[in-house]
Amino acid sequence: MAAPGRRKLAELSLDEFLAAGSDSEHDGGWEEEEDEDEEDEEAKGGRAASGAARQRRPSGKAAQGLQARPASRKKGKASEHKDQLSRLKDRDPEFYKFLEENDRRLLDFDASDSSEEEEALHRPPDTLEEASDEDDDDDEEQEKVKRKKVSLIHVSLKMVEEWKKAAQRNLTPKLLHEITQAYKAAVATTKGDSGGDPSKFQVTDTAVFNALVSFCIRDLFQHLHKLLLPKAPKNKLKMVLPSSSPLWGKLRLDIKVYLGCTIQLLSCLTEASVGAAVLQHVNATVPYYLSFPKQCRALLKQTIALWSTGEETVRVLAFLVLNKICRYKKEVYLSPLLKQMYIAFVKNCRFTSPAALPAISFMQRTLTELFSLDTATSYRLTFIYIRQLAIHLRSALTLRKKENFQSVYNWQYIHCLHFWCRVLSTIHPSEVMEPLIYPLTQVIIGCIKLVPTSRFYPLRMHCIRALTLLSQSTNTFIPVLPFILEVFQQVDFNKKPGRMSSKPINFAVILKLSNANLQEKAYRDGLIDQLYDLMLEYLHGQAHSIGFPELVLPTVIQLKSFLKECKVANYCRSIRQLLEKVQENSAHICSRRQRAAFGVASTGAVEEWEKQVKEEGTPLTKYYTQWKKLREKEIQLEISGKERLEDLNFPEIKRRKQEERKEEDKKEFKDLFELDSDSEEENGGFSVKGKGRGRQASDESSEVSSKEFGEEDDDEEGNYEVEEDEEELEEDSESEAEEGAQDSRDSQERRSCPRGLARSDLEQLAQGGEDLVQDLEFSDED
C-alpha cells in the first residue's frame, strides 16, 4: 500500500482516504499483535520451569484449531481486499486509472497470489506431540543429577561446636536457618533419604549426628525462646504462643521445618531412653506445635502410637504431650484425639497376659482422665461406643452363631466394658453422664447371660468386677450377688478331681476354661478364692447401707446350705469365715438402725445416717482393709517368686523313653527274667495305655461339649500339663519295672542257692528277712 502514499492528498476524497487508511492499519495491526503474542509466549516459555511444560503444551486438536484460525483470517482478508479494489473502479475511476499507470501489481491481485504468500509462511504439522509423563520423569531425573553434582557441605564436630557458641552468644535468623538445615540433613539419614534432599548440608558421621541432635534438643529452643519471648509472662499457668512475637515472621519457616523433622525423628527411634529425651523436648515445645495445625496433627498421630505401644517411660511422656495439647486446644483437638486413642486402646488389648495387664490398665486410666476434660464431648462418644457394644450383643443373642459369640466373648469387648465403667465412675457425679449407667449395666448383664456355662466363669468374674466398680463409684444399686451365688448351685465341689495339675489357674488373664481345666483340683481351688474375693469386694461397698441385713439374707442362706453340703475342709473354712463376718456386720447395722429416730421415707436422713456409719466404720469394712493388705502382699510375693524362678538356671533332665529303657533291660537281664519280661511289659504298657485312653476319651467328650456354643478348645497349657502327667506315669511304671526286675533277680538267686547247701546254710538263708529290715532301717536313718 505504498503507492497511494505517493499520491497527493488533494486528489483523494475523504471516503477514499479513510477507507485506505483503515484497511492498511487493520491489516498490519493483527500481524503485529500476533507477532507480539508469539514473542510473549516464547519469553514465557524461556522463564517457565520444565515441570510446567506439559500444562502449556496444547493437545493435537487444540493446536490445529489455533493454527487454523489465523490462516482462515488471512484468506478472508485477501478476498475482501480484492472486492474493495473492484468496487474502487466504480467509485473512483480516476484513482483506479492512476493505479493502472503507476502500480499495476496491486490491481493484478488474485487468490493465487494470496495462497502463494500463505505457503511461504510456516505451517505447523497436522498433529502435535503431546507431553507425556516419561518426559516429566526424565526432566526430574536430570534435575536430581544436577542437584547431586552440587557439592554438599559435610557437617563436622567443629561446626557443631561453633554453632553452639554462636547460638549462646546471639541466635540470629541466619544462624537458625543453618542449624535447621543441618538438623534436617541429620534426620534424613534415619530413613535413608540420600537423594532429593534440598538441604545443603550432609551428615555422615555418627558422632556428628549425636552431637547435632543433642544440641538441638537440649539447647537450641532455649535460646530461641529467649529470642522470641525475652520477657517471662506474668501468669505462668497461661500459655503464651510464640507466634505473638514480632520476630515470628522471620523465623517461622525454619521453625516449621525443625518441628517436622522432630516428628520424623520420633517415628524412627527404637531406643527407649532416646525416645524419652525427644518426648521431653517435644513436651517443652508444645506452644510451637500449636502454632502450626498441620504439624500438630502429625505430632498427635505419632504420639498416640507411642502411648499405646511404647515402653513404660515413653508411654507416660507421650500421655503428658497429649494431655498438654488437649488442655490448651480442647475445642480443636479433643474430640478427634479421644476417637483415635480409643481405637488404639482397642487394637492393643486384643491379647492379655500378666505382662500386658499393666499397659492395658495404664491406657484405661489415662484415657479416662482425658474423657473427664469435657463431659459434653465425652457423653457423645461414650453413647456411640456403648451403643456399638450393645449392637454386637444383640446380634449374638438373636443369631446364636459362632462368629457372633466370638465378637462378644473376647478380650477387646471385655476391656471396653471395664473401660466405660471406669469412665462413668471417674466422671461421677455428672448429670450429663449419669443416664449412661443403666444401658451399660444392661450390656454387661446381657454379656454374663449370653453363655452361662462353667467354661466362661473367668469372663463372668471380669464382668462382676466391672459391675462392682460401677456400683460403688456411682452409688447405684446393681444386683451383682445373684451372679456370684449362682456358681455355688452349678458346681459340685465335693466331686473328686479327674486330674492333678502342678500350677494354679490365673483367672485374671483368661476368659474361658478348657474341659481339661474343669476336671482339675486347681480349678475348684481358684474358683473358691474368686467367689470369696468377689463377694467380699461387693459387700464391702454395701456394708454401710441401712438395708444391709435384707440385702445379704439370700447370701447367708446360700452360704449355709453350701457349708452343709460341702465336705472339703479348705473350702468350708474360707466360706465359714466370710459368713461370720457378714452376719457380724448385719447385726451391727441392725443395732445401729434400731436407735434411729427417722422413718424409711426420709431420704435425707437415711443418707446422712449411712454417711455417718461409713465414716465410723463397720466390722466388714475393717476386715476388708486387713484382707486387702494381705492380699496385695500375696500378689507381690507371687510376682517376685515367679521372677526369682525365672532368673534361676535349672539343669534340664533328659529322660529316656520307657521303650528304650526296656530294650536295655532286656539285653542286660536277658538270662534272669526272660519268661517274666513279656508279662511285666504287657502289664506296664497296659496301665499307661489304659490311662491314656481314658484321658483321650475325656478330651474327645470335652471337644464335643466345647462346640455347644461355637467355641473350640485350644488351650496350650492343658496340653502341656497332660504331657507332664504322662511323663510322671512313665516314671512310675519304670520304677515299678525296675523293682519287679530286682525282685525277680532275688527270687532266682534264692531258687538257685538251696541246691547244694547244708542245713546251716539254709538256716542262715531263713534269717534273710531280718537283714532286709536292717537295711531299711539303715536307709531311713540315713
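Analyst: The chain's secondary structure comes to 35 helices and two strands; here helices (H or I, at least four residues) and strands (E, at least two) are DSSP runs, numbered from the N terminus. This is a predicted model, in which local features need pLDDT of at least 70 and side-chain atom pairs count only at pLDDT 80 or more, while totals for chains, interfaces and linings use all residues. Residues are numbered from 1 along each chain as its sequence is written, and side-chain values use heavy atoms, with hydrogens and water left out.

Of the 782 residues in the chain, 37% are buried. Buried means under 20% relative accessible area, exposed means over 50%, and partly exposed is in between (1.4 Å probe, protein chains only). Among contacts in the chain between residues at least 6 apart in sequence, 74% join residues at least 24 apart; a contact means heavy atoms within 4.5 Å.

Now the aromatic pairs. The structure holds 22 of them. Rings of Phe, Tyr and Trp (its six-membered ring) pair if their centres lie within 6.5 Å; planes under 30 degrees apart count as stacked, over 60 as edge-to-face and the rest as tilted. Tyr183 and Tyr258 form a stacked pair, 4.6 Å centre to centre, with 25° between the planes. This pair links distant parts of the chain, since Tyr183 is in helix α9 (residues 173-188) and Tyr258 in helix α11 (residues 248-268), 75 residues apart. Tyr183 is buried, at a relative accessible area of 0%, and Tyr258 is buried at 1%.

A second pair is formed by Tyr342 and Phe419: their ring centres are 5.9 Å apart and their planes are at 35°, so the pair is tilted. Because Tyr342 lies in helix α16 (residues 330-347) and Phe419 in helix α20 (residues 411-427), the pair ties together parts that are 77 residues apart in sequence. Tyr342 counts as buried at 6% relative accessibility, and Phe419 is buried at 0%. Tyr342 and Phe419 also belong to one aromatic cluster with Phe345, Phe371, Tyr385 and Trp420.

In soluble globular proteins, nonpolar side chains tend to be buried together. Leaving aside neighbours within four places in sequence, Trp307 is in contact with residues including Phe319, Met341, Phe345, Phe362 and Leu367.

Tyr379, Phe383, Ile384 and Val432 make a nonpolar surface patch of about 320 Å². Patches are made of residues with over 30% relative accessible area and no salt bridge: like charges are joined within 9 Å, nonpolar side chains (Val, Leu, Ile, Met, Phe, Trp, Tyr) within 5 Å. A salt bridge is a side-chain nitrogen of Lys or Arg within 4 Å of a carboxyl oxygen of Asp or Glu. Phe383 is found in helix α18 (residues 375-399), and is partly exposed, with a relative accessible area of 43%.

Key:
Areas by Shrake-Rupley, 256 points an atom, 1.4 Å probe, with all protein chains shown as cover.
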